[in-house]
Amino acid sequence: SSAQKQTRDYELKVMSYNIRLAIGNDGTNSWKYRYPATGLMIDDQKPDVFGVQEAFNYQIRFIEDNFEDYDCVGVGRDDGKKKGEFMSIFWNKKTVKMIKSGTFWLSETPEKPSMGWDAACMRTATWALMQDKKTGNRFYFVNTHLDHVGKEAQKNGLALIVNKIKEMNDKGYPMVLTGDFNIRPDNPALKELDSIMNSTRKIALKTDNHRTFNNWGKEKSAAIIDYIYV
């Protein structure tokens, strides 16, 4: 029906993907065995935009080299260039146009590489103002990875993202936030974010509550810690 077609015209497929850093001591789950699955998954899902977490420079390059339709922005969190993990945003150049982008650190000095509050390591958020080529509509996309240890860093990092979202989006464009938050859905740190955006886990027509961190299938440590907000 025309109503269904209209809905499809306004659809944008987004994805959050913790790629799992390539230097992890993961045995048979190591990146050297795992990388073909990344390629197959992207090929299968064909997202318009996706945010990766934990990616090293050569993991980013693997996606770029094998998917010529995609481009990306993002910097290494340790030096603001190539060092350390990237929280990059990839987009399909056929369906989406990049307008401007940047990265900030989740800390008291967000404009430069820095560690915030009680965090165990440097944490960043990458943002992009983009345009859907089908409709001409502009939207923001933000991708992040909160600290896995520091409770203050999780809470304050998320609050910083919320404030930056309010600041940058003065025109009220639609916005997508993807990330590994390292906190569970009942964590009070999500309260302020919940007041300005919706978790797609709650509002999507087709949804589930599968645990997004599964520790290679070890049930005991499995948990929901990854999110897509709109």
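Leaving aside neighbours within four places in sequence, R123 is in contact (heavy atoms within 4.5 Å) with R77, F104, W105, L106, H145, L146, D147, H148 and N182. The model is a predicted one, in which local features need pLDDT of at least 70 and side-chain atom pairs count only at pLDDT 80 or more, whereas totals for chains, interfaces and linings use all residues. Residues are numbered from 1 along each chain as its sequence is written, and side-chain values use heavy atoms, with hydrogens and water left out.

R123 lies in the loop between β5 (96-105) and β6; strands are DSSP runs of E, at least two residues, numbered from the N terminus. With a relative accessibility of 5%, R123 counts as buried (under 20% relative accessible area, 1.4 Å probe, protein chains only). Its side chain makes polar contacts with those of H145, at 3.4 Å, and H148, at 3.0 Å. A polar contact is a pair of N or O atoms within 3.5 Å, of which, within protein, one must be able to donate a hydrogen and the other to accept it; residues adjacent in sequence count only if both atoms are side-chain atoms.

Aromatic pairs number 12 in the structure; ring centres of Phe, Tyr and Trp (its six-membered ring) lie within 6.5 Å, with planes under 30 degrees apart counted as stacked, over 60 as edge-to-face and the rest as tilted. The W127 and Y140 rings are tilted, because their planes stand at 50° with centres 6.4 Å apart. This pair links strand β6 (residues 124-132) to strand β7 (residues 138-145) across 13 residues, and both W127 and Y140 are buried. F50, F67, Y70 and F90 form one aromatic cluster.

Notes: Helices (H or I, at least four residues) and strands (E, at least two) are DSSP runs, numbered from the N terminus. Buried means under 20% relative accessible area, exposed over 50%, partly exposed in between (1.4 Å probe, protein chains only).
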